[in-house]
Each structure stands twice: as C-alpha cells, then as structure tokens.
Amino acid sequence: MRYACLVYFDPKVVFNQSLESEAALREGAAYIEELRASGQLVSDGALQLPDQTMTIRVRDGKMSATDGPYLETKEILAGFLVIEARDLNEAVRIAAAIPLAKLGTVEVRPFVDFSKPRPIL
Amino acid sequence: MTDTRDALAAIYRNEARRVLATLIRLLGGFDAAEEALHDAFAAAAEQWPQQGVPAHPYSWLVSAGRFKTVDRWRRQARLASALPELALQGGASPEPAPPEAIEDDELRLIFSCCHPTLAPDARIALTLREVGRLTTEEIARAYLTSAPTIAQRIVRAKAKIRDERIPYEVPTRAELPERLESVLQVLYLIFNEGYAACQGPELTRDDLCAEAIRLGRLLVQLLDEPEALGLLALMLLHEARRSARVDAAGDLILLEHQDRSRWDPARIHEAQGLIERALCKRSVGPYLLQAAIVAVHVEAPGHAQTDWAQIVGLYDVLRKVDPSPVVALNRAVALGMRDGPAAGLSALDALLSQGALVDYHLAHAARADLRLRLGRLEAAQESYERALELTQQPAERRFLLKRLAELAQLP
C-alpha cells in the first residue's frame, strides 16, 4: 500500500534556531536517506513557507488567484513523504519516526485505489 | 531470479511471524522488531538473487534484522550523540537459535498478543496482525470498521505492552491455564465473528474462520494442551457443517434437517483425531467437552439415531466445569431427546423459574419445540411468540415466523 505522510508544523517552532529544532531538521534529512535505502520511500518533498504560496480557485469558469495559503493557521503543510508500507500500522510506525513529528504533526493518508468505487458522501 | 523471488515470497509467508517473534525478544520491542523484519527481508531481496537462498533462511533473516538495527542504533547515537550504551548492547554475531527456542518465541508472541491486561478488542486485532500477519486494512474489512480504528487499537495495545512492561515470555506451568484461556478465547471470538456472519454480504468475513483455524493449528503444534486441541476440534466441526447450516435464501437449517452429505468428512476426521488425542490427557475443559458433544452429533448417521444418552452424560460433565445457564438449557434439550419431551420440558421449566434465561430467545424456542412435541399447540405458539419478541436477528426471526406459520397449519 502507498501512503502519504503529510508533515505539518508551526514555522516559528521549527525555524527558531534552537538546538532541538536544528537537531530535528538534521535528523530528518538522515531519516529520509534511511527510508530511501530501505526501499520504503517513493518520493518526498519539502515545501516553501506560505508567503511563497498562491491559492487558485475556478468558479463559474473564472479563475481567481490569491496570494497566501487557503487557511490562515499556525501549523502549515511543510512537506510530504510518499512511502510504501505493508499496512496502515507500518505506515504509522514509519511516520512516528519522522524527527519533525516531535515538533509538529504528521498526517498519514492512504492513496486512493482507483479500482475501488468512489465514496458517496 | 524469478525463482528467488518466489522463494522469498514463500519464505515471507512461512517465516515472517517466526522471525518477528525472535526479533521482539532480541530487540526488546514490537516497533524495533517490525522495522528489523522489514530490513531483513529488504536485504534478502537484494542479496539472495546473487548469493542464492541460504540454507537456514530463518537464522539468516534474524541475524540480518538484528545487525541492521544495531547498525541503525549506532548511527542514531552518533547523530544525536546520545544513548551510546543502547547502541552497544546488541552484540555482533547473533547465534542461530535452537529449534525449541524458536517455538518458545512463537508462543511468547501469542501469549503477549492475548495478554489479559489488554482489552479483548485489542487482543483480537493484535493477534490477527502480529501472529496471523493480516494487514490492518484486512482486519478492518473483516470487522466492518475503519482502518484507523483498528490501527489505533494496535498502537495503543503495543504502547500498553511497552509501558506496563508486560514480559515477553511463555507463562509458567502455574499461570498457564488462565493465560491459555485468554488465548483460546481470542481464537474462538475470531472464529465466531466469521461464523455468525455467514448470511451477510461480506464474504471476506469467511476468512476469519479460516484464520482462527490456522491459528488454532499453530497453537496445537506449539503447545500440546487438551483445551487447545479441543478448541481446534470444535472450530473444525463447526466449519465442517457451515455450508449445510443455511439454505440458498440465507435461512437457518436446524441440525435435524441438515443434509449430512454436505458436511466435510476431512475436517470431521481431523477433529475426531484431535479429540482422541486430547482425551488421552485425562483433563477435560469446556472446549474439549463441547467438541466431544458436537462429535457425537456428527457421528450419528441421522438425527434420530444420535446417542442422546452420551450427549446428556457429556453435558453433565460440562455443567460441572462450566455451570452456565446456557449449558443447562442445552442439557435440558438433550434430556428431552433421551427421556422424551415431558422430561425435557420439566427440566427447562425448572431452569426458567430460576430466572437466568427468561429473556433468552433460544430458551423460549426450545420450550416451544418441547410443548409442540407434547401436542400442546397453544402453549407452543405462545413460546414461539415470546422467542420472536426477544430476537432482532433477521435469520432467526424468519425461522421463528416460519415455525409459527407451520403451527397455524396443524389441525
């Protein structure tokens, strides 16, 4: 199964140059390499801060673009890992070891299986 | 190349649980062991195509998993420049475990997953995933719930094992009966979840019966205990008759009307062998006695030829080890077959007057059957109606309505 681990954090906590945050950032890079070596990492990406963000919407055929993120929140989506895991519990174990989980939060979301019917809400 | 890949897949199926069980002991926790298990199989996928499959895959995988973990701990310690002791404790060359130790590790894993400190739901989920190697998603589908619910249950159970320092060990002889009871209960709950669901649309739930039987076989291989043998026999006997117990419309068929040629002789034969093996051990418990009772039913060429005297006798023994009202109810029904409906009814009425079964629909359905056999039609109708009031289960309601309709046809 393929899962996305979405890493959220408060930039003020991560980029404050404290020993703790510096260590988490350094260990984070090493952990990514470890997952790549073990074959569990499909892809990854770190995202720039929200002040570099554009939010796009198309309504009634008209596009509107605003600067800044969709929601103003303290915790921002900071990056993601796409991993291959046996099941949700294995994905949770891998996500829990992401060093930035100590400072922010990680959301684990399975990828959509398009062979299954679409949900009706 | 393809051969190695096939061999690796087969080894994963057969050995992953055993390798995990040993790694938990060597590394001191589920999470580290699961990571090591992944690393070990990743190393095998890389090295075996060139080097060939090793002579002892289990030992190779255990030592690869352990080596990778110790290596990781060293690197992490260097990186964090902390916990230097932890990294050193692993040691360099893991010696291959002797065969009896491997079996002990598998038992340790089973007893940990079914530890009485864990909630019953947690024991089931953990056993299916760690011992049965089902995925979280498969367990969720079988239990008609969401994967995060099951994942959470497993995460919490593992945290509890870690935080409460539940030792990873095979129970001592003195603790064994109580601890084994918890293991057997988990397996029987898994089995019943699949068995009770046979009229539903969820075919995947059949897998739960197969999985419970597979786990029961594993337990019997590891632990020659009469109750473990009894539970496996009981599950096999139920499974052997499963397809004969509902008709094409999903309605229940009573034992007396089942087509006995549809029962599975191989499973019945296996169960009989297990019961014989268990009876040699001169200690009987509730699972073995229930299996023995079902075996007497199954061995009769037809319902009328059943050895009711033996069944009543077995219920008498069962009542001593399990003095529950449901056992007494079944005994009263058997008595009604051995000594006639009047004897059965008076035993059942005495039981109902004690109060424990007054809201149990099957007690009223049994009472209705006995009253009917005595020709007391109005009293029978009253009991069927009472039973109908007490159950919501669709198949059982259809069955009772059918009986009431048949009753109305009688002169």
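## An exposed loop residue in chain B

B:L144 counts as exposed because 12 C-beta neighbours lie inside 10 Å; a residue is exposed with 12 or fewer other C-beta atoms within 10 Å of its own, buried with 20 or more, and partly exposed in between, the C-beta atoms being placed from the backbone. B:L144 sits in the loop that joins α7 (136-142) to α8 (147-163) of chain B. Although B:L144 is not a glycine, its phi is positive, at about 50°.

The model is predicted, so that local features need pLDDT of at least 70 and side-chain atom pairs count only at pLDDT 80 or more, while totals for chains, interfaces and linings use all residues. Residues are numbered from 1 along each chain as its sequence is written, and chains are lettered from A and ligands numbered from 1 in the order in which they are written.

B:R165 belongs to the loop between α8 and α9 (176-196) of chain B. Phi of this non-glycine residue, B:R165, is also positive, near 50°. B:R165 is exposed, since 7 other C-beta atoms lie within 10 Å.

## The contact between chains A and B

Chain B brings 17 residues to the contact and chain A brings 13 residues; two residues are in contact if their C-beta atoms, placed from the backbone, lie within 7 Å. On the side of chain B that touches chain A, at least two residues come from each of α2 (30-51), α3 (57-80), α7 and α8 of chain B. The most come from α2(B), with six residues. Helices are DSSP runs (H or I, at least four residues), numbered from the N terminus.

This side of chain B comprises eight nonpolar, three polar and six charged residues. Ala, Val, Leu, Ile, Met, Phe, Trp, Tyr, Cys and Pro count as nonpolar, Asp, Glu, Lys and Arg as charged, and the others, Gly among them, as polar.
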